[in-house]
Amino acid sequence: MDIAFWVFVYIAAAVQAALLALALWRRSANREANRLLAAWVALAGIDLAVKAAYWHMLSPEWFRAYRFVALFPFLYGSLFFLYVRALTRGLGFRWRDVRHLLGFVAMLLVTGHVLLASTARLQAMSASWIAGERSIGHWFDIALFLYSLSYVAAALVQVHRYRRRLRERRSDADRLSLRWIDTMAACQVVIWCIAIVQALVELPILNYGLLFGAIAGWICVVGWFSLGQPPLAVEPEVGPVGDETVAPATTNEPEDMRYDVVQARLASLMDGGDPLYMEPALTIGQVAKRSGYPEYLVSAVINRRFGGTFWDYINRLRVEAARACLADAGDTRSILDIAYACGFTSKSTFNAAFKRQVGDTPSSYRKAARPLKAAADGAERR
């Protein structure tokens, strides 16, 4: 292994990780999630910095630190899960989440004798490690892989549920679907596969330099995607209140005296020749700004007077507009063109919203509605 080269790579990646962690910690969008990610990236940076120092100096004391940070990967899978949960459900780190750190604690207890060894013992262990002799068996890497992979799988389940709720409720689902989380998960699996192969098979190219070089590359991937992630709104998951669901908020407070005028203003914005709901990727902030009223008041009026969330309200209007177009025999546009014209930005979101509201698919509705409308129009002319 070209130690000097990898020491440089590790140090550069550690510096990048420190800067990225600071930027994520200070980022206001998706605050809870980004602070968890900042902690995760900072740990990876410390891991790389300690390894760079050890390979540069090869001292027993640095070997002690080297063996300690070798346990950090037992935190990475669980931190990934907590990060995804914070993104998709708005839940930051809570005291009960300490249980997700037990894998790290368990391995610390199992291998803690290395950290308490004498200087002479550390010198001997360091020499064995440099010579390629493993002081810890292959079980360590296999345990790490299985433990971390379980958390990656749990995180991907969270993302799948989030996407399903998103497609059902929002027209800008594609932009907020967290596809880059799949890339993050794939990068981790690739890193762990390299570790497993490196532990079981002696191949020149698969060494610790490549392994932690891959981690350095992973930090670049995280930085590229996470800093560009738009703010996410938590999509409530209907179900019993508990650790796995988030129930929509309800209130019994009396109505504000301005509700009637706000409702009338919303009606004027959503009616007419150029209704506001047809604008793609519309947000409640934009609607509030156009209405001239505060966002909290507009949201309250929609919840109270229209019986649902902002996206229930907007998608209901869009689906009704689409129904009118689909039933019109003179409208020769494709179903997708009609969906886009009505404000939807993806076929899957339109189909889900349409079927939920109408009880039929857009294509089936079009086939059934056009003859009925033509017959009704003919009866009126007679």
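This report describes helices, salt bridges, cysteines and one surface patch in a predicted model.

An unreviewed UniProt entry places the feature "transmembrane region" at residues 6-25, 37-56, 68-86, 98-116, 136-159, 180-201 and 207-227. Two of these segments are described here. Over residues 6-25 the chain is 100% helix and 0% strand, with end C-alpha atoms 28 Å apart. Residues 37-56 are likewise 100% helix and 0% strand, and the end C-alpha atoms of that segment are separated by 29 Å.

Helix α1 covers residues 3-26. Its 24 residues reach 35 Å from the first C-alpha to the last, close to the 34 Å expected at 1.5 Å a residue. Buried positions in α1 include Trp6, Val9, Tyr10, Ala13, Ala17 and Leu24. Val7, Ala14, Leu20 and Ala21 are also buried in this helix.

A nonpolar surface patch of about 290 Å² is formed by Ile11, Val15 and Leu19. Val15 is found in helix α1. Its relative accessible area is 48%, so Val15 is classed as partly exposed. A residue joins such a patch when its relative accessible area is over 30% and it has no salt bridge; Val15, at 48%, therefore passes the accessibility part of that rule. An α-helix has 3.6 residues a turn, so residues three or four places apart point the same way.

## Helix α4

Helix α4 comprises residues 73-89, 17 residues in total. At 1.5 Å a residue these should span 24 Å, and the end C-alpha atoms are 24 Å apart, in agreement with that expectation. The helix is mostly covered, as 17 of its 17 residues are buried. After α4 comes Gly90, which has a positive phi near 70 degrees.

Phe81 is found in α4. With a relative accessible area of 9%, Phe81 falls under the 20% limit and is therefore buried. Phe81 and Tyr151 are 70 residues apart in sequence, yet their C-alpha atoms are 5.8 Å apart in space.

## Salt bridges

Side chains of opposite charge can pair when their charged atoms come close. The structure has seven salt bridges by the distance rule applied, which requires a side-chain nitrogen of Lys or Arg within 4 Å of a carboxyl oxygen of Asp or Glu.

| Pair | Closest N and O atoms |
|---|---|
| Asp47 and Lys51 | 2.4 Å |
| Arg94 and Asp97 | 3.7 Å |
| Glu320 and Arg323 | 3.4 Å |

Asp47 and Lys51 both lie in helix α2, residues 31-57, four residues apart, which is about one turn of the helix. Asp47 is buried, at a relative accessible area of 1%. Lys51 also counts as buried, at 2% relative accessibility.

Arg94 and Asp97 are linked with Arg85 in a network of salt bridges.

Glu320 and Arg323 share helix α13, residues 310-327, where they stand three residues apart, about one turn of the helix. Glu320 is partly exposed, with a relative accessible area of 39%. Arg323 is also partly exposed, at 26% relative accessibility.

## Cysteines

A disulfide is a covalent bond between the sulfur atoms of two cysteines. The structure holds zero disulfides. Cys325 takes part in no disulfide, and the nearest cysteine sulfur, that of Cys342, is 4.7 Å away. Cys342 is likewise in no disulfide, its nearest cysteine sulfur being that of Cys325 at 4.7 Å. The pair is not counted because a disulfide requires sulfur atoms within 2.5 Å, and the sulfur of Cys342 lies 4.7 Å from that of Cys325.

Cys325 counts as buried, at 19% relative accessibility; the limit for that class is under 20%. Cys342 is buried as well, with a relative accessible area of 2%.

Conventions
Residues are numbered from 1 along each chain as its sequence is written. This is a predicted model: local features need pLDDT of at least 70, side-chain atom pairs count only at pLDDT 80 or more; totals for chains, interfaces and linings use all residues. Side-chain values use heavy atoms; hydrogens and water are left out. Patches are made of residues with over 30% relative accessible area and no salt bridge: like charges are joined within 9 Å, nonpolar side chains (Val, Leu, Ile, Met, Phe, Trp, Tyr) within 5 Å. Accessible areas come from the Shrake-Rupley method with a 1.4 Å probe; for residues, only the protein chains shown count as cover. Helices (H or I, at least four residues) and strands (E, at least two) are DSSP runs, numbered from the N terminus. Buried means under 20% relative accessible area, exposed over 50%, partly exposed in between (1.4 Å probe, protein chains only). The expected span of a helix is 1.5 Å times one less than its number of residues. UniProt positions are given in the numbering used here, feature names are shortened, and annotations may be inferred rather than shown by experiment.
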